[in-house]
Amino acid sequence: PGSGLPWSPTAASILATGGSDGTLNIVANPLDASSAGITPLTGHLARINDLCFHPLGRFVASASADLSWRLWDVETAQELYYQEGHTDSVNTVSIHPDGSLLASAGNDSVVKLWDLRSGKSVMDLHEDGHIKSVHALDWRSNGYHLASGGADAQLLLWDVRMGKKVASVLAHDKLISNVQFSLSGEFLVSTGYDGVLSLTASDSWIVFHKFKTLDKIMACDLFHRNGSNDYKDLNIVTGGWDRSVKLYNTNDT
């Protein structure tokens, strides 16, 4: 098995997958078996832990247990960046909404920021931060708030303008597996091995609702019905350790 299964933000027919063999596959037309094509991107030496498309859709970043992250050109199937800097497995990557920065984090507990124009590391976020491995990152739409969640059950908010932590949210009591801001940035969704799906308000960083399940939640995603951006039209889908897929609606809050 591997990890990471994002759709391209600009081409709904392109899917990226990551495997335990270190291979990243770009799958075109995955819903049409007669025309589906797979382009393998090779270079990683260990399991791929996470994938993230650039907002332009042409580029995809991969995080790997080989202590590196890489940036790939989907159209040319070329590796653009091979970046080392973490001292342990890189578990997650997230690209800034304007495509200028990439955040990475992993087992060394450090959140690193990279300039995607140069590929250089520009900032480490670790002071008063995580004390165990980091497993989830996401940027808020305002461009300067970054959320991180880790095995220490900490849900942290960073302001990259100041390069420091601005909030610690009491949302979980076990490993945090996923963090994701709503499109509007008004609230943050997080999931964990405590079986909790938590909603946190971005104006106060206070949890305003929790859904509880009986087993670990491994992943989640957000989508609005009928293209609406209204809070009450938001659905949240989760995948659990119990092999279940659950669907939640914010109307239930």
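Which residue forms a salt bridge with Asp 159? In this predicted model, the partner of Asp 159 is Arg 161, with the closest N and O atoms 2.6 Å apart.

**View 1. The salt bridge of Asp 159 and Arg 161.** Asp 159 is buried, at a relative accessible area of 2%, whereas Arg 161 is exposed, at 57%. The structure holds nine salt bridges.

**View 2. The hairpin of strand 10 and strand 11.** Strand 10 (residues 111-115) pairs with strand 11 (residues 121-125) in the antiparallel sense, over four bridges. Val 111 has Leu 125 as its bridge partner in strand 11. Five residues separate the two strands, and Gly 119 in the turn has a positive phi of about 80 degrees.

**View 3. The salt bridge of Asp 124 and Lys 112.** The two side chains meet at 2.9 Å, N to O. Asp 124 belongs to strand 11 and Lys 112 to strand 10, so the pair ties together parts twelve residues apart in sequence. Asp 124 is partly exposed, with 35% relative accessibility, while Lys 112 is buried, with a relative accessible area of 9%.

**View 4. The salt bridge of Asp 128 and Lys 165.** The closest N and O atoms are 3.1 Å apart. Asp 128 lies in the loop between strand 11 and strand 12, and Lys 165 in strand 15, so this pair ties together parts 37 residues apart in sequence. Asp 128 is exposed; Lys 165 is partly exposed.

View 5. Thr 238 is buried, with a relative accessible area of 6%. Beyond its neighbours within four places in sequence, Thr 238 has contacts that include Thr 191, Leu 197, Cys 220 and Tyr 248.

How values were computed
Residues numbered from 1 in each chain as written. Predicted model: local features only at pLDDT ≥ 70, side-chain atom pairs only at ≥ 80, totals over all residues. Heavy atoms only, no water. Buried < 20%, exposed > 50% of the residue type's maximum accessible area, 1.4 Å probe, protein only. Contact = heavy atoms within 4.5 Å. Pairing = 2+ DSSP bridges. Salt bridge = Lys/Arg side-chain N within 4 Å of Asp/Glu carboxyl O.
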